[in-house]
Amino acid sequence: MFEDIRLATVGFGLFWPPPDKREPVIVGTGIAIKRPRVILTAAHVLEGLRKEAKTEKGTAAVFTVDSATSSRQEVELSYAVTAITQSLENQQYDVAVVSIERGGFPSRQMAVGYDLAPQEGDQVVTCGWPHGIKLYKGKTVISTFLQGPVSAVIPHPVAAAALRDSYTIQMPVNPGNSGGGVIEVASGKVFGIVMGVYGTTGLATVSPLARCRDMIENAGLDSQGGKR
């Protein structure tokens with residue numbers, strides 16, 4: 001399961017085509033899901049990416065690692081850079097659905113558990129890519145796996161999945177984890193998206209995908225550019 005999560009996780013960032021020599025910069029994370037074949041992230045990641053692209057005159061893109069090679073001294077990643085073709089956003093719950101150009105979709109995708117209702121104490125996991133900073137060419141770059149228990153269910157643990165507003169998770173996320181999928185360990189399904197950090201606690205705040213089910217399932221274009 002953890003290998004599937006790693007390969008389904010993407011970075012959202014800026015890319016400057018050659019001859020520009022600037023390194024790609026990653027500002028947030030996303031996760032590929034099976035049905036529909038789209039990528040989920042946080043709405044604020046896309047909002048920040050648009051501002052950065054306008055200011056820095058870079059291209060907003062999705063970064064997908066397709067292979068890695070290793071020597072005795074370093075690990076080098078081979079990655080695909082894919083343009084965003086469409087996005088749908090729910091600002092209230094900070095969730096976005098993104099379609100990308102043909103051919104750039106991650107090799108693995110995760111199933112969504114809209115009806116999952118994890119309880120306080122249940123173990124969940126998220127993956128950031130990679131640390132939300134940069135793609136360092138020729139240097140070691142790793143995924144950021146974080147695992148921890150659900151600390152709080154808002155408004156209350158007895159609420160059904162479709163009535164939950166957010167979760168607080170005991171995971172020390174960093175800014176680059178925003179938009180990453182949150183997976184229930186027991187089922188291996190995505191039930192939420194990392195929104196950020198809860199106040200000064202260092203705990204993660206997570207938005208439930210059940211609140212955005214219609215938006216996700218009715219995304220207008222699939223990853224291959226065809227109508228659903």
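**From the surface to the interior**

Phe2 counts as partly exposed because its relative accessibility is 34% (buried means under 20% relative accessible area, exposed over 50%, partly exposed in between, with a 1.4 Å probe and protein chains only). This is a predicted model, in which local features need pLDDT of at least 70 and side-chain atom pairs count only at pLDDT 80 or more, while totals for chains, interfaces and linings use all residues. Residues are numbered from 1 along each chain as its sequence is written, and side-chain values use heavy atoms, leaving out hydrogens and water.

Phe2 lies in helix H1 (residues 2-8); helices (H or I, at least four residues) and strands (E, at least two) are DSSP runs, numbered from the N terminus.

Thr126 is a residue of strand S7 (residues 123-128). Thr126 is buried, its relative accessible area being 0%. Among the residues that Thr126 touches are Phe145, Met171 and Gly181, where contact means heavy atoms within 4.5 Å. A polar atom of the Thr126 side chain lies 2.8 Å from the backbone oxygen of Gly181.

The structure also holds two aromatic pairs (rings of Phe, Tyr and Trp, the last by its six-membered ring, with centres within 6.5 Å; planes under 30 degrees apart count as stacked, over 60 as edge-to-face and the rest as tilted). One of them is the edge-to-face pair of Tyr167 and Phe191, at 5.1 Å centre to centre and 80° between the planes. Tyr167 belongs to strand S9 (residues 166-169) and Phe191 to strand S11 (residues 189-198), so the pair ties together parts that are 24 residues apart in sequence. Tyr167 is buried at 1% relative accessible area, and Phe191 is buried at 2%.

Note on methods
Polar contact = N/O pair within 3.5 Å; in protein donor to acceptor, adjacent residues only side chain to side chain. Lists of a residue's contacts leave out its neighbours within four places in sequence.
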